[in-house]
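User: I am new to this structure. Please take a close look at one part of it, then show me how the rest is laid out.

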Amino acid sequence: MASALATRRLSRFAFAALPIGWVGLLLLLPYLFLFAHSFFRLSNGQLTHQLTLENYARLFGTPLYPGTIVFSAGIAARVTLLSLLLAYPLAYLLAFKVRRHKNLLYMAVIIPLWVSYLVRAYAWKIILGQEGVLNGFLQGIGVIDAPLSVLLYSKWAVMIALVHIYTPFTLMPIYAVLESIAPSLKEASQDLYASRWRTFVHVVLPLSLPGVVAGCTFAFVLSMGDFIAPVLLGGNDSALMVSNLVVSLFGVAYNWPLGAAVSVVMLLMTITLLTIARQVEDRLGGGAAERRAGQPGDAQAGMGRGALHA
Amino acid sequence: MSLLELRSVTKRFGDFVAVDQISLDVAAGEFLTLLGASGSGKTTTLRMVAGFEHPDSGTILMDGADITGLPPYRRDLNTVFQQYALFPHMNVRENVGYGLRMRKVGRSEIRERVTRALEMVQLGHLADRPPRKLSGGQQQRVALARALVNRPRVLLLDEPLGALDLKLRKEMQLELKHLNRQLGITFIYVTHDQEEALTMSDRIALMQNGRIVQLGQPRVLYDRPASRYVADFIGETNLLPATVTAQRGDDLTLTIGNVAATATTGRSWVPGTPGWLAVRPEHLRVASGTAGPNRLTVTARETIFTGQVTRVYTALADGTAVVMHWPAGATPPEPGMALTVTWEPAHGVCVGD
Amino acid sequence: MSVTTRRPPPDRLTPALWAAGTGVFLFIYLPLVIVILYAFHDAKIVAWPFRPFTLHWFTDLAHDRGMIDAAVASLKLAVLATLLALGVGIPGAFVLDRLDFPGKAAFERLVLLPLILPGVITGVALLTFFSFVGLSLSSGYPLVPGWPVVLGHGAALTSIVVTQVYARLRRFDRALEEASQDLYASRLSTFWNVTLPVIRPAVLGSALLVFTLSLDEIAVTFFLVGRQNTIPLQIWGLLRRGITPEVNAAATVIFAVSVAVIVVWARLMRED
């Protein structure tokens with residue numbers, strides 16, 4: 001009997017070693033290496049393994065870098081707010097007002113997430129260009145006489161595209177939470193003299209907050225880390241956002257340590273934000289994070305979708 | 001030698017002792033019920049017999065052989081689960097044949113035995129359905145067939161009738177009892193429903209806090225409860241606070257308040273100790289006079305008609321509730337009316353805590 | 001006795017809600033529709049107004065050597081990434097669901113990291129790792145687009161499988177495994193005959209997700225790709241150079257494939 005137990009322990013250990021080893025090797029180590037690289041010194045354009053703090057000094061000392069980070073955060077915040085304003089009504093509609101084909105419509109809203117991210121960013125190039133759809137349409141109906149050049153190649157274009165891309169992301173967790181609100185809660189509220197609007201304000205909205213926090217966090221983190229939209233739509237400001245900096249530092253500007261430092265800062269900011277968000281969610285609606293983890297399909301799928309693009 | 005023996009089996013979960021040195025002998029072919037409230041340890045005991053929990057101490061023997069360390073798939077017994085645990089990705093036929101397949105029984109034999117098992121539970125016509133397309137009662141029968149088809153020596157049933165509605169439950173109780181008689185398979189049944197236990201069992205083991213507080217035939221637990229807990233758990237009973245004054249063999253004299261009474265008992269008492277007189281409502285009747293022992297004056301409070309029986313709720317002067325069954329057809333008393341009730345000494349059992 | 005019935009107050013919120021919701025829905029879809037529309041645009045430059053209708057961009061696409069090579073590379077990459085992610089992710093999900101070990105919380109967070117971080121960070125992290133280890137970005141070419149990018153996709157996408165399968169395992173009724181053992185199936189037999197079939201939709205679903213995500217992956221691929229482009233990078237290149245509707249044609253094909261995958265995936269999930 002004892003040996004049977006022992007062999008089981010051993011095989012269990014071996015079985016667990018595979019995923020744990022893999023994750024350790026291909027996830028933990030790379031992030032550690034990134035961290036390490038941020039302390040290496042660049043000597044005559046060559047990467048050395050000497051340790052230094054000069055990368056961080058440069059990062060915080062040169063206005064460009066913190067400036068870009070702050071700028072990116074600003075864009076991300078605006079994108080998040082707009083996405084929320086757009087996503088919430090649609091989520092509410094789907095959760096409470098749609099009777100037939102609810103699943104179908106929800107799928108329809110989610111489908112754009114699966115269409116190539118590049119395509120969706122690029123779509124705005126077609127729409128906002130000088131000879132683009134919007135300009136042509138506006139000219140066609142006589143609202144303007146000459147094409148507006150300000151539409152494309154500006155931070156506004158980048159923002160619109162990001163809002164377009166991330167609204168479905170924001171929608172998913174909100175929809176999930178709204179769906180889980182038992183109809184009897186709304187009925188009880190109305191039974192206790194609250195009008196439809198007040199029921200929304202006092203019952204539905206507070207209960208949906210965990211989903212709102214989750215959705216906003218995705219939107220913020222992902223849009224802050226986006227590097228495609230700024231390049232396609234930012235024009236002269238194509239080095240607008242933090243990720244663009246990282247791309248160039250690892251590319252043409254060839255300064256890996258500095259690029260690593262910027263990345264580490266982004267990493268820490270993201271992790272901090274996510275941790276805070278999780279605390280807030282837990283405080284707000286015990287089990288919201290749990291509910292998300294336990295949700296098959298959509299939530300993680302969507303998250304994965306977004307993260308691997310931006 | 002009994003078929004199944006538990007010897008001083010104990011199981012702890014952290015600090016909580018779920019099963020506390022239980023010893024039990026199960027005879028071949030009998031229908032034994034482990035009865036108790038939630039947390040009494042009955043399910044844990046069953047799971048240890050099945051092999052899903054490992055005892056912290058003690059041994060489990062089947063046919064004299066120690067099976068304590070054997071995994072479930074090496075024990076010659078089968079379980080009917082509380083929520084049936086039917087494999088959703090297999091149809092009824094495949095579910096029922098699963099154990100035979102695992103035992104590498106030949107294909108044609110499997111087919112034949114499965115068909116017969118399904119006929120035995122009257123589900124032959126649903127053999128190709130998936131479980132989700134069956135009603136609760138039908139699923140329960142599939143679970144039963146799936147276990148029985150393997151011809152186990154012992155069948156373990158973990159509150160299998162809980163999810164069924166009343167009428168169906170009562171039918172299944174009888175069916176299970178008949179199957180036990182017919183097939184000669186030992187049944188170990190777990191339930192919290194005492195009426196169910198009384199209906200089906202050859203013997204009942206009433207469990208409380210991980211121990212068996214009384215083991216015996218249903219009749220014995222009903223008529224001669226060993227403690228207040230047993231008297232209260234099984235059937236309806238009145239429990240009247242009493243003080244023992246004298247004992248001769250099984251006969252007791254005691255006082256209830258200041259009324260003298262006689263009763264029986266199964267244990268020895270020190271005169272002067274307090275106890276409880278347990279009398280079943282159906283054994284109380286209105287006395288023809290106020291003279292004689294075992295006479296209590298009560299005031300009627302409420303009458304409730306339940307079809308089968310009319311219950312009259314009364315109270316003693318000190319407020320103790322006394323319930324009695326009123327004979328069918330007779331006019332029940334008005335609230336506030338005083339009555340004198342009495343009972344046969346043999347029907348009163350004095351129990352301790 | 002007469003009772004006057006008052007009608008409930010007019011609901012002004014719901015029509016407004018419908019209007020807003022529909023507006024958002026259109027906002028989400030119109031740009032896509034426009035892209036697909038312009039795949040059939042009969043002119044060289046993507047501009048207003050739309051000129052119907054031609055299929056020659058699709059034929060151009062079919063003859064575009066670069067695109068075809070990229071497509072093959074992307075498919076190879078996706079298949080390999082899926083196999084890796086399943087091979088590590090399924091055990092990983094079971095580890096999370098059934099085992100307790102020191103550092104389990106850290107393991108759980110780590111697995112989720114690529115999902116929630118911007119891909120750029122994961123991409124550069126893997127780049128620094130592979131360059132330190134000395135694995136060339138073009139190693140394995142032409143058999144595979146490059147081992148680093150294959151391993152990178154596998155690592156980043158394992159999280160998808162872990163989260164999906166783990167979520168399914170948490171809903172899994174352990175009584176089924178007990179019943180199976182009660183019916184004489186050993187642990188391994190139980191896993192094969194009962195556990196695996198029941199979680200099959202989650203496994204297949206996550207495989208589909210990983211496959212699609214790998215096909216569309218840009219950020220991590222950007223840093224790890226060697227000599228051979230994948231489809232997204234190929235398109236990216238086209239976009240930098242100048243836009244012809246051929247890009248729209250490629251986008252339309254991608255859209256069609258994505259929709260097909262989602263439909264299959266939705267059907268699988270409903271099965272559960």
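Analyst: Thr191(B) is buried, because 24 other C-beta atoms lie within 10 Å and 20 or more are enough to count as buried. The model is predicted. Thr191(B) belongs to strand 8 of chain B, which covers residues 186–191.

What is Thr191(B) in contact with, leaving aside its neighbours within four places in sequence? The partners are Thr33(B), Leu35(B), Glu159(B), Glu196(B) and Ala197(B). Gln122(B) is a separate reference point. It sits 69 residues from Thr191(B) along the chain, and 24 Å separates their C-alpha atoms.

Stay in chain B and turn to helix 2. This helix runs over residues 92–102 and is mostly covered, with 8 of its 11 residues buried. The buried ones are Val92(B), Arg93(B), Asn95(B), Val96(B), Gly97(B), Tyr98(B), Gly99(B) and Leu100(B). They pack against three elements of chain B: strand 6 (77–80), helix 3 (107–120) and helix 4 (136–148). After helix 2 of chain B comes Lys104(B). The phi of Lys104(B) is positive, near 60 degrees.

Chain B also meets chain C. Here 18 residues of chain B are in contact with 15 residues of chain C. On the chain C side, helix 7 (174–182) and helix 8 (187–216) each give two or more residues. Helix 7 of chain C gives the most, with 6 residues. By class, this side of chain C has 9 nonpolar, 3 polar and 3 charged residues.

Next, the contact between chain C and chain A. It takes 80 residues from chain C and 82 residues from chain A. Helix 1 of chain C supplies the largest share of the chain C side, 15 residues. That side of chain C holds 65 nonpolar residues, 11 polar and 4 charged.

Chain A itself has 310 residues, and 47% of them are buried. It contains 14 helices and 2 strands. Take the contacts in chain A with a separation of 6 or more: 72% of them join residues 24 or more positions apart.

Now look inside chain C. The domains touch: 9 residues of domain 1 of chain C are in contact with 9 residues of domain 2 of chain C. On the domain 1 side, helix 1 (residues 13–37) of chain C gives the most, with 3 residues. That side of domain 1 of chain C divides into 7 nonpolar residues, 1 polar and 1 charged.

One more helix of chain C deserves a look. Helix 6 of chain C covers residues 147–170, 24 residues in total. From first C-alpha to last, helix 6 of chain C reaches 34 Å, close to the 34 Å expected at 1.5 Å a residue. Why is helix 6 of chain C described as largely enclosed by the rest of the structure? Because 23 of its 24 residues are buried.

How values were computed. Residues are numbered from 1 along each chain as its sequence is written. Chains are lettered from A and ligands numbered from 1 in the order in which they are written. This is a predicted model: local features need pLDDT of at least 70, side-chain atom pairs count only at pLDDT 80 or more; totals for chains, interfaces and linings use all residues. Helices (H or I, at least four residues) and strands (E, at least two) are DSSP runs, numbered from the N terminus. The expected span of a helix is 1.5 Å times one less than its number of residues. A residue is buried if 20 or more other C-beta atoms lie within 10 Å of its own, exposed if 12 or fewer, and partly exposed in between; C-beta atoms are placed from the backbone. Two residues are in contact if their C-beta atoms, placed from the backbone, lie within 7 Å. Ala, Val, Leu, Ile, Met, Phe, Trp, Tyr, Cys and Pro count as nonpolar, Asp, Glu, Lys and Arg as charged, and the others, Gly among them, as polar.
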